[in-house]
Amino acid sequence: MNNRRSFFRKSAAIGFGAFGLNSLYNELHAESFSEAEKLWNDNGADNEDYWSVIQDAYTASKSDIIILNNGGVSPSPIAVQEALEKYNKAAAQGPSYYMWRIIDKGREPLRQRLARLGGCDAEEIAINRNATEALNTIIFGLPLEKGDEIIGTIQDYPNMIQAWKQREMRDGLVYKQLSFDFPIENDEQIVKAFADAVTPKTKIIHVTHIINWVGQIMPVKKICDMAHSKGIEVVVDGAHTFGLLDYKIPDLDCDYFGTSLHKFLSAPVGSGMMWIKKEKIEKIWPLLCNSQPKSKDIRKFETLGTRSFCIEQAIGEAINFQEGIGSKRKQERVHYLKKYWAEKALQIPGVKIHTSLKPEYSCAIAGVSIDGMKPEELDSKLMKDHQIHTVGINWENIHCVRVTPHVYTKISDLNKLVGALEKIAKKA
Ligand SMILES: Cc1ncc(COP(=O)(O)O)c(C=O)c1O
């Protein structure tokens, strides 16, 4: 009898842990965060005492190498790591019971909390594994016909470009790609380029909210306003903005939105989310089908087959952590970190920054290059000689090394980056 009671208590803790009083965030970080709160002041982006508490919540801040490719995938704070471990251990006792019948009971509360973070209705949120899955579901699910036109850019993410090209090949759609020379500090120029490409056959505009290669923030709301005035729908790739920029999904005024949660939200690798405006859910075909493909229920997109509900549930602790900091603070801090190193790097002879440093046009990401050196060479020197991990970018008209700090990045690490660039530029 006692054993059974403790079994049910344990099960409840496993399934609903992230949003209860016994959350790992509460256990591991809440106290230090509330102490740090006393150090906060209005101009907090450079408040190193406050941010050192956040840094300590990540094991990545103590890594042997300096991680500056958070645009690729971000590490998780300790609470998220431990949540994943806890759920995995529980599931290992018998996944068909613990994972499917206990842990999965946390899915609806998780949907609610993701919706709160996104400022939208929970009935518009589907939980999945990454932005590629979310956006491919939308791209392949849209009921488009031969001759219908889509406008995207050559600077969009390859997985989405390929999805549109496959639809073009298979269904006879016409996929047009614009090209931009970033950085651009003029929203109207970008909106006009999209508007000029519109024809009576244009049905969809595909926009990447932050261009992953070089960090440009695209004027999504203005593009949506223009598109809607012509009866065109907009698909937004928010892989680099959800959990980084301080916005709510409805602020964008788009129709479809997909993101990864393992980037700036710091949820476990393999977590993502799709948002579809409520009245449009019915017409989107699920990519992985179920018995109700024409349903208005967003859950029709979650028939993804057997997958890790442990990863999914650990997203809850990432949300707790995000809310413990606050989206506005996070955006301002990460922008500050980017500006900190990039402004110093700009003083080095031969160094070029490829990204606007204004907060309206970029946040975490900036591209850097050294005259006469290929991006892959600079990437490799930073790693080999300075143990700094970045990523060399050679994509269409963009050639630079992409540097992406996160909230756990220390100023001392950015000083090391600037020192390394100085040394490398001197020898170039
Ligand atoms: C702009 C953009 N969209 C989509 C993706 C795909 O994300 P995922 O690999 O998590 O599906 C990425 C990945 O870096 C990206 O940069």
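**Exercise 1.** Which residues do ring pairs link into a cluster?

*Solution.* Rings of Phe, Tyr and Trp (its six-membered ring) pair if their centres lie within 6.5 Å. Under this rule, Y25, F33, Y58, F321 and Y408 are linked into a cluster by ring pairs. The count for the structure comes to 16 aromatic pairs.

The structure is a predicted model, in which local features need pLDDT of at least 70, side-chain atom pairs count only at pLDDT 80 or more, and totals for chains, interfaces and linings use all residues. Residues are numbered from 1 along each chain as its sequence is written, and side-chain values use heavy atoms, with hydrogens and water left out.

**Exercise 2.** Classify the ring pairs Y97–Y98 and F242–F257.

*Solution.* A pair of aromatic rings is described by the distance of the centres and the angle of the planes. Planes under 30 degrees apart count as stacked, over 60 as edge-to-face and the rest as tilted.

Step 1. The centres of Y97 and Y98 lie 5.4 Å apart with 90° between the planes, hence an edge-to-face pair.

Step 2. For F242 and F257 the values are 6.4 Å and 65°, and this pair is edge-to-face. F242 lies in the loop between β6 (233-237) and α12 (249-252), and F257 in strand β7 (residues 256-260), 15 residues apart. Helices (H or I, at least four residues) and strands (E, at least two) are DSSP runs, numbered from the N terminus.

Step 3. Buried means under 20% relative accessible area, exposed over 50%, and partly exposed in between (1.4 Å probe, protein chains only). Y97, at 29%, is partly exposed, whereas Y98, at 11%, is buried. F242 and F257 are both buried.

**Exercise 3.** Describe how helices α4 and α14 are arranged.

*Solution.* Axes are lines fitted to C-alpha atoms, for helices over the stretch in contact, and angles run from 0 to 180 degrees between N-to-C directions.

Step 1. The axes of α4 (residues 48-56) and α14 (residues 327-346) come within 13 Å and cross at roughly 100°.

Step 2. Therefore α4 is roughly perpendicular to α14, a class that covers 65 to 115 degrees (under 35 is roughly parallel, over 145 roughly antiparallel, the rest oblique).

Step 3. With contact meaning heavy atoms within 4.5 Å, E48, Y50, W51 and Q55 in α4 meet R329, K330, R333 and Y336 in α14.
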